[in-house]
Amino acid sequence: GSLEGLARAHGNRYSRSASLDDLTTCIQLHTEALELQPANHSDRAKSLAGLARALRHRCDRFHSLDDLDKSIRLYTEALELFPTNHPDRVICLHNLASALRRRCDQSGSLNDLDKSIQLYAEASELRSADHPDRAGSLHNLAKALEDRYIRNHSLKDLKRCIRLYTEALELYPHDHTSRDGYQRGLDRARRKQHNYKKARKD
């Protein structure tokens, strides 16, 4: 509807300008649009995801845990409505995983991290080997597994993390700008594996 279109327009402008007025208006319009939509509306999943994204932007700006919690609830509801083959489902999976990982960083909840890993894995499975965003999906999953290894010292998580960093690197040409960051992640994980083995020997 027109409210949704306006909300997206303000959201897009916020991405370019970082104007708080645009973000506030975006949130208000998405909220109004959802209130007018019946539960079975064909665009409800997109509306929920749009509001969730705007609240996550506000959380990133003001570090509001309340906005993060709301964003997670909305992304979860949207994910339940997106059909398996919907092109926006993989984006919703990724965004929900990212929000849960962020909440884990703030609260230390291992349940949030476990769920985040599950969602990142599902997102990576939906992106074929030649998808331009597959490397990013693998990298996000690898980082989440590395986070969990730091908490539980599971060698299984670390080995899987190393495999994913390696696969992500192989998808990029040698002159790609993202390779340096991915290589650092792989080197860091290999050092952790070396230290793990060394500690076991000692």
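Student: How many aromatic pairs does the structure hold?
Tutor: The model discussed here is a predicted one. Counted over this structure, the number of aromatic pairs is two.

Student: Is the pair formed by the rings of Tyr172 and Tyr182 stacked, edge-to-face or tilted?
Tutor: Planes under 30 degrees apart would count as stacked and those over 60 as edge-to-face, with the rest counting as tilted. The rings of Tyr172 and Tyr182 have centres 5.3 Å apart and planes at 55°, so the pair is tilted.

Student: Which parts of the chain does this tyrosine pair tie together, and how many residues apart are they in sequence?
Tutor: Tyr172 is buried at a relative accessible area of 15%, and Tyr182 also counts as buried, at 9%. Tyr182 belongs to helix α9 (179-201), while Tyr172 sits in the loop between α8 (155-170) and that helix, so the parts tied together are separated in sequence by 10 residues.

Student: Which residues form the positive surface patch, and is Lys201 buried or exposed?
Tutor: The patch is made up of Lys159, Arg163, Lys197 and Lys201, with α8 and α9 each supplying at least two of its residues. Lys201 lies in helix α9, and because the limit for exposed is over 50%, its relative accessible area of 76% makes Lys201 exposed.

Student: Which helices does the salt bridge of Arg89 and Glu122 link?
Tutor: The side chains of Arg89 and Glu122 meet at 3.0 Å, N to O; Arg89 is buried, with a relative accessible area of 12%, whereas Glu122 is partly exposed at 27%. The two residues are 33 apart, and the pair links distant parts of the chain, namely helix α5 (residues 89-107) and helix α6 (residues 110-126).

Student: How many residues apart in sequence are the parts that Arg148 and Asp114 tie together?
Tutor: In this salt bridge the closest N and O atoms are 2.9 Å apart. Arg148 lies in helix α7 (residues 134-152) and Asp114 in helix α6, so the sequence separation of the parts is 34 residues.

Student: Are Lys192 and Glu146 buried or exposed?
Tutor: Lys192 forms a salt bridge with Glu146, with 2.9 Å between the closest N and O atoms. Since Lys192 lies in helix α9 and Glu146 in helix α7, the pair ties together parts 46 residues apart in sequence. Both Lys192 and Glu146 are buried.

Note on methods
Residues numbered from 1 in each chain as written. Predicted model: local features only at pLDDT ≥ 70, side-chain atom pairs only at ≥ 80, totals over all residues. Heavy atoms only, no water. Phe/Tyr/Trp six-rings, centres within 6.5 Å; stacked < 30°, edge-to-face > 60°. Helix = DSSP H or I, 4+ residues; strand = E, 2+ residues; numbered from the N terminus. Buried < 20%, exposed > 50% of the residue type's maximum accessible area, 1.4 Å probe, protein only. Patch = residues over 30% accessible without salt bridge, like charges linked within 9 Å, V, L, I, M, F, W, Y side chains within 5 Å. Areas by Shrake-Rupley, 256 points an atom, 1.4 Å probe, with all protein chains shown as cover. Salt bridge = Lys/Arg side-chain N within 4 Å of Asp/Glu carboxyl O. Lys, Arg positive; Asp, Glu negative; His and termini not counted. Charge placed at Lys NZ, Arg CZ, Asp CG, Glu CD.
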